[in-house]
Amino acid sequence: MNSILTSFCLAVLLVGVNSIHSAPKVQVYSKLPGQFDQPNILLCYVSNFHPPDIKITLLKDNVEMPGATQTDLAFEQSWQFHLTKSVPFTPKAGEKYACRVQHQGITKPYSWEPDM
């Protein structure tokens, strides 16, 4: 079992060294249609990125939202990675929600647009 894990880690390292850098694709959405004063879940799906070192922050009015959870990092056969971060929220009129993604020294915010 130890040799299998060691081989897997070595393979990941070797492929990672030789892989092309890919910028993440980001989708910010809510589980239910966005309605003010209705409980919902804010989701940020980040995909097709490499290398796997990435930071995702869910924001309300440019402040990190507490209680967010993140899925385990997963990858495709092409060695591009994906994951999802989510947090329960109840949107209010006038509030701004976003997902901030930091990857390879580049930080970008992606806004959530309610269905109002």
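Colleague: Which strand holds Phe75?

Modeller: Phe75 lies in strand β6, residues 74-75. Strands are DSSP runs of E with at least two residues, helices are runs of H or I with at least four, and both are numbered from the N terminus. This is a predicted model, where local features need pLDDT of at least 70, side-chain atom pairs count only at pLDDT 80 or more, and totals for chains, interfaces and linings use all residues. Residues are numbered from 1 along each chain as its sequence is written, and side-chain values use heavy atoms, with hydrogens and water left out.

Colleague: Why does Phe75 count as partly exposed?

Modeller: Its relative accessibility is 37%. Buried means under 20% relative accessible area, exposed means over 50%, and partly exposed is in between (1.4 Å probe, protein chains only). So at 37% Phe75 counts as partly exposed.

Colleague: And Trp79, buried or exposed?

Modeller: Trp79 has 18% relative accessibility, so Trp79 counts as buried.

Colleague: Why is the pair of Phe75 and Trp79 called stacked?

Modeller: Rings of Phe, Tyr and Trp (its six-membered ring) pair if their centres lie within 6.5 Å; planes under 30 degrees apart count as stacked, over 60 as edge-to-face and the rest as tilted. The ring centres of Phe75 and Trp79 are 4.6 Å apart and the planes are at 5°, so the pair is stacked.

Colleague: What makes Tyr97 and Trp112 edge-to-face?

Modeller: Their planes are at 85°, with 5.8 Å centre to centre. Tyr97 sits in strand β8 and Trp112 in the segment after β9 (106-111), so this pair links parts of the chain 15 residues apart. Both Tyr97 and Trp112 are buried.

Colleague: How many aromatic pairs does the structure hold?

Modeller: It holds 6. Phe49, Phe75, Trp79 and Phe81 form one aromatic cluster. Phe75 and Phe49 are 26 residues apart in sequence, and 9.2 Å apart in space, C-alpha to C-alpha.

Colleague: What makes a set of residues a nonpolar core?

Modeller: The residues must be buried Ala, Val, Leu, Ile, Met, Phe, Trp, Tyr or Cys, joined through side-chain atoms within 4.5 Å. The largest such core here has 19 residues; Leu42, Cys44, Val46 and Cys99 have the most contacts inside it. Two or more core residues come from each of β1 (25-30), β2 (40-49), β3 (54-60), β7 (81-89) and β8 (97-103).

Colleague: What makes a space a pocket?

Modeller: On a 1 Å grid over the protein atoms alone, a pocket is an open set of points where a 1.4 Å probe fits, with protein on both sides within 12 Å along at least five of seven lines; lining residues have an atom within 4 Å of a point. The largest pocket has 15 lining residues, with Glu95, Lys96, Tyr97, Ser111 and Trp112 nearest its centre. β8 and β9 each supply at least two residues of that lining.
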